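Open the model in your viewer and keep the selection panel at hand. We will go from stop to stop, and each one tells you what to pick next.

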Amino acid sequence: FLPPSGLTHESHRKDVEQVYLRCSEGSIEWMYPTGALIVNLRPNISPASYKHLTVCIKPFKDSAGANIYLEKTGELKLLVRDGDRSPSRVYCFGYDQGGLFVEATPQQDISRKITGFQYELMSKGVAADLHTASAPCRPCSDTEVLLAVCTSDFVIRGSIQNVTNEAEEQESIIHVGVNKLYRQKSKVFQLTGESGNWRGQIKTLLECGVKPGDGDFLFTGRMHFGEARLGCAPRFKDFQRMYKEAKDKGLNPCEIGPD
């Protein structure tokens, strides 16, 4: 979404624009910010479900020219300070905690400033899994693995080809060779090279200490701001065991198809 450029409001620096967004995810790019924006997220779901939603925003790396606040009943809580360059920082809050108030900061030359961020709306449970430090690191129970197979944005059988650690962002990138693609919401895993192998990348927290290793895993997880985030990832032989046991008892929550 592109709100009106600040250059069109040069004589009204204190103007406050209201914008209404219906999509559950997207981005805002405000060129030459002056005055303020009130961002109203109004997803096309029942208002009764709003209390179960979490809002997450991720500022663009070169975003500048405005402070971003959480606003409720006239009270402002600073979320992102103008000039904060925290790499890949994501800010989350409950939908019922308030809306977004984006206020331009005084600039000598507004033509050099563009404020922008991505946003996502998700259920509170999914957000908690993505942003609780221990969640991606601890082993999943059998029940959690079987449920993850049914509800994850991607489910693949593959091996760890390499792991790249990014200390500044406190993240690890797992380079995965895909042996079988069961499901993916976005085209993160793609055919590469003349050999026709499927490959892709999955991110997780650096503190999880992921290392390259032999054998196949069942990788599951969520898409978050266009990136694959690791969820449950048991060794594939362990998944086969738990899946067969659940299927024999009629307790598997969904079918994953042949191996």
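Is the link of Cys 56 and Cys 92 right-handed or left-handed? Select both residues and look along the S-S bond: with 105° about it, the link is right-handed. The two sulfur atoms lie 2.0 Å apart and form a disulfide (a pair of cysteine sulfur atoms within 2.5 Å).

Before going on, a word on what you are viewing: this is a predicted model, where local features need pLDDT of at least 70, side-chain atom pairs count only at pLDDT 80 or more, and totals for chains, interfaces and linings use all residues. Residues are numbered from 1 along each chain as its sequence is written, and side-chain values use heavy atoms, with hydrogens and water left out.

**Stop one: the ends of this bridge**

Colour by secondary structure; helices (H or I, at least four residues) and strands (E, at least two) are DSSP runs, numbered from the N terminus. Cys 56 sits in strand S4 (residues 53–59) and Cys 92 in strand S7, 36 residues apart. Cys 56 is buried at 0% relative accessibility, while Cys 92 is partly exposed at 31%. Here buried means under 20% relative accessible area, exposed over 50%, and partly exposed in between, with a 1.4 Å probe and protein chains only.

**Stop two: the sheet**

Now show the four strands of the open sheet, in the order S2-S9-S4-S7, with antiparallel pairing; strands count as paired if DSSP finds at least two bridges between them. At the edges, pairing on one side only, are S2 (25–31) and S7 (91–94). Next, pick S2 and S9 (residues 114–123), which pair over seven bridges. Zoom in on Ser 27 to find Gln 118 of S9 opposite.

**Stop three: two further disulfides**

Select Cys 140 and Cys 232, joined with an S to S distance of 2.1 Å. Cys 140 is in the loop between helix H1 (124–131) and helix H2 (142–151), and Cys 232 in the loop between strand S15 (227–230) and helix H3 (236–248), so the pair ties together parts 92 residues apart in sequence. Their link is left-handed, at -90° about the S-S bond.

Finish with Cys 150 and Cys 254, whose sulfur atoms are 2.1 Å apart in a disulfide. Cys 150 belongs to helix H2 and Cys 254 to the segment after H3, 104 residues apart. The torsion about their S-S bond is about -100°, so this disulfide is left-handed.
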